[in-house]
Amino acid sequence: MCSPVVPDSADSPILVFLEPLGQDIHPASRNAINTALGLAGDTKRELCGVLLTAAFGAGQSAVLERSGLTAVYVFVNSLLGNFVLEEHLEVLLAFVKEKKPGVILFGATPESRALAPALAARLKTGVTADCTKVAFREDGLLLQTRPAFGGDVTAEIITPWARPQIATLRGLAPELPRRGPAGSKIIVNSAKIVNPRAQKAEWLDRVTEAAENAASNVLAIGGGVRRQEDVEIFRRLAGRLKAELMCSRALVERGWFTRQSQIGLSGRGVRAEALLAMGVSGSVQFMAGVMSGRICAVNLDKDAPIMLKADVPIAGDLYAVADALLRCV
Amino acid sequence: MKIAVCVKQVPSGDRPLDPRTGALIRAAGENVINPWDVYAVSAALQTARILKGTLTAISMGPPQAEETLRTAAAMGADSAVLVCGKEFGGADVYATAFTLARAIEKLGEFAIVFCGQQSTDGDTAQLPFSLAVQLGIPAVGWVKRIEKVSPGEMTVLQELGSGTQRLTFPFPAVIAAGMETCQPIPPSLKGRLKARGLAIQTLGPADLPCKGPYGLNASPTRVVKIERVHEQAKSQPLFLDPSAAARKIAEEMGVSANVLTSSS
């Protein structure tokens with residue numbers, strides 16, 4: 001158990017696991033590419049990406065050619081259009097065994113958060129989940145920093161002997177840094193899936209748009225809204241504020257909104273000029289979807305996480321404030 | 001048909017740190033069953049009822065984790081197993097899943113192993129996936145609803161990043177339940193009485209089919225530093241009456257506001 005399954009050296013590649021999103025690349029993957037570019041910095045390591053997809057389109061190709069990665073390996077198989085963990089794992093594991101990366105970075109989508117620990121278990125290595133920072137130490141080990149215990153502490157974690165060193169990264173990036181003309185090699189292969197699936201999978205709804213919203217004002221409501229009929233109050237308010245009405249995950253789980261309206265890691269990213277968050281606690285997952293803009297928050301709990309992050313944190317009842325707003329705007 | 005559910009004892013509350021010292025609070029009486037596991041136990045019980053199976057609750061932890069197993073038994077689990085030994089301590093996700101997998105193998109063939117999708121203390125959401133691989137069976141994660149259970153297979157909805165997926169899969173499998181999977185089943189009075197007298201089986205390292213290493217020695221990752229975060233508030237909270245709050249918000253959102261009379 002103490003000898004690495006996949007050997008590592010100072011110049012073994014850094015691999016970024018990439019996920020498609022419709023015709024684009026998932027913002028969580030773009031964030032992982034940006035992090036990897038910073039990490040590769042002046043090391044001699046090759047920086048490559050791997051994408052598993054049912055169909056590889058020109059849109060994805062155009063984004064990836066300019067990604068700054070040395071090479072992107074694309075594996076295509078119609079079975080990969082659904083997420084059956086074992087099929088993705090089979091394709092990824094075969095590639096990792098051949099490519100022998102020293103570091104693998106994943107975004108923090110549910111799919112990646114399933115695949116990373118499954119891959120790690122097959123390779124008898126570890127994963128540091130939801131890292132906010134990764135950097136090489138002087139001894140060449142990857143220092144992986146993640147928040148723990150509700151964000152009250154940060155833990156620094158290393159993977160001393162097992163390889164590869166694997167981390168999932170929190171955060172969504174709106175775009176990739178400009179890297180000049182197309183430079184990444186794109187290598188497209190058909191993916192071999194030897195074990196036929198015993199599972200039957202189908203999508204009920206599918207997020208296909210690049211998860212970004214550039215409305216100038218956004219009104220986000222969350223778990224503080226008590227009844228479904230109250231959503232109408234906030235819909236009216238959004239109209240008056242010339243804002244798009246969006247929500248936190250809590251309201252999608254209650255079935256009041258679809259995920260197209262959800263801000264956060266499992267929803268969409270927003271780049272608004274101003275975001276008004278009413279009754280939203282402001283979890284790390286939610287905040288990952290807030291890419292820019294001034295934040296006003298209204299929350300009964302003056303200690304809610306969103307109150308620390310807001311430019312204008314207002315401690316108060318969202319219904320009373322909504323009512324006052326509807327009378328004055 | 002045998003069904004298992006993995007449960008974990010966690011410190012109660014969202015923020016289980018001593019506000020003055022930053023130390024983890026592990027005092028007696030302040031530990032609870034991981035909130036996600038309540039849904040895993042409930043989903044496992046419903047499944048066991050439909051399949052006329054038995055439910056075994058399994059926990060790896062210190063002796064006081066027995067309390068968490070008794071909570072699962074009070075909810076309706078038929079038997080409980082504590083995987084306990086100082087050799088298991090200091091385990092990361094991989095090593096925890098390794099120990100649980102060996103314990104589950106020791107206990108026999110389970111058709112389904114339920115887990116909570118994540119715990120409130122570790123918060124990685126990785127264990128069910130690592131456990132499934134180390135048991136050599138498929139993992140079905142991010143489950144938000146169980147649509148159908150029949151003797152050989154099950155249909156669930158999974159909440160994934162790229163959409164909601166309906167998955168039908170045969171047994172055996174590890175299922176990771178989210179908090180929307182089902183209504184939690186509260187412990188009954190009868191269940192509590194039964195749980196109080198339940199004999200809990202204990203498995204130590206010597207009882208498992210593999211010599212180890214276990215715990216910290218089997219963990220590929222190491223925590224090298226823990227630092228308390230003092231997150232500075234970007235701005236101090238404003239305590240405004242509703243109309244003043246409304247004017248402030250209107251200004252921030254770039255919308256003109258009528259001046260309200262003092263009565264409002």
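Reader: What percentage of the contacts in chain B with a separation of 6 or more comes from residues 24 or more positions apart?

Author: Two residues are in contact if their C-beta atoms, placed from the backbone, lie within 7 Å. In chain B, residues 24 or more positions apart account for 69% of the contacts with a separation of 6 or more. Please keep in mind that this is a predicted model, in which local features need pLDDT of at least 70 and side-chain atom pairs count only at pLDDT 80 or more, while totals for chains, interfaces and linings use all residues. Residues are numbered from 1 along each chain as its sequence is written, and chains are lettered from A and ligands numbered from 1 in the order in which they are written.

Reader: How many helices and strands are there in the secondary structure of chain B?

Author: Helices (H or I, at least four residues) and strands (E, at least two) are DSSP runs, numbered from the N terminus. Chain B has six helices and 12 strands, and its C-alpha atoms fill a box of roughly 75 × 45 × 40 Å along the principal axes.

Reader: Why is helix 3 of chain B described as largely enclosed by the rest of the structure?

Author: A residue is buried if 20 or more other C-beta atoms lie within 10 Å of its own, exposed if 12 or fewer, and partly exposed in between, with C-beta atoms placed from the backbone. Helix 3 of chain B is largely enclosed because 12 of its 15 residues are buried, among them B:Val93, B:Tyr94, B:Phe98 and B:Ile104. Just after this helix, B:Gly108 takes a positive phi of about 115 degrees. Across chain B as a whole, buried residues make up 47% of the 264 residues.

Reader: Is B:Glu231 buried or exposed?

Author: B:Glu231 is exposed, with 11 other C-beta atoms within 10 Å, and this residue lies in the loop between strand 12 (222–228) and helix 6 (242–252) of chain B. Its C-alpha atom is separated by 39 Å from that of B:Ile146, 85 residues apart along the chain.

Reader: How many residues of chain A are in contact with residues of chain B?

Author: On the side of chain A there are 76 such residues, and they are in contact with 72 residues of chain B. Helix 4 (residues 110–123) of chain A gives the most to the side of chain A that touches chain B, with nine residues.

Reader: In which sense do strand 10 of chain A and strand 12 of chain B pair?

Author: Two strands pair if DSSP finds at least two bridges between them. Strand 10 (residues 153–158) of chain A and strand 12 of chain B pair in the antiparallel sense over six bridges, and in one of these positions A:Ile157 has B:Val223 as its bridge partner.

Reader: In which sense do strand 17 and strand 18 of chain A pair?

Author: Strand 17 (residues 269–278) and strand 18 of chain A pair in the parallel sense over seven bridges, while strand 18 and strand 19 (residues 312–315) of chain A also pair in the parallel sense, over four bridges. Within strand 18, A:Ala297 is the bridge partner of A:Ala277, and A:Ala297 also stands opposite A:Pro313 in strand 19. Seven of the 10 residues of strand 18 (residues 290–299) are buried, so this strand is largely enclosed by the rest of the structure.

Reader: With which residues is B:Ala72 in contact, leaving aside its neighbours within four places in sequence?

Author: The contacts of B:Ala72 beyond those neighbours are B:Val5, B:Val7, B:Ile33, B:Val41, B:Ala57, B:Ala77 and B:Ala80.
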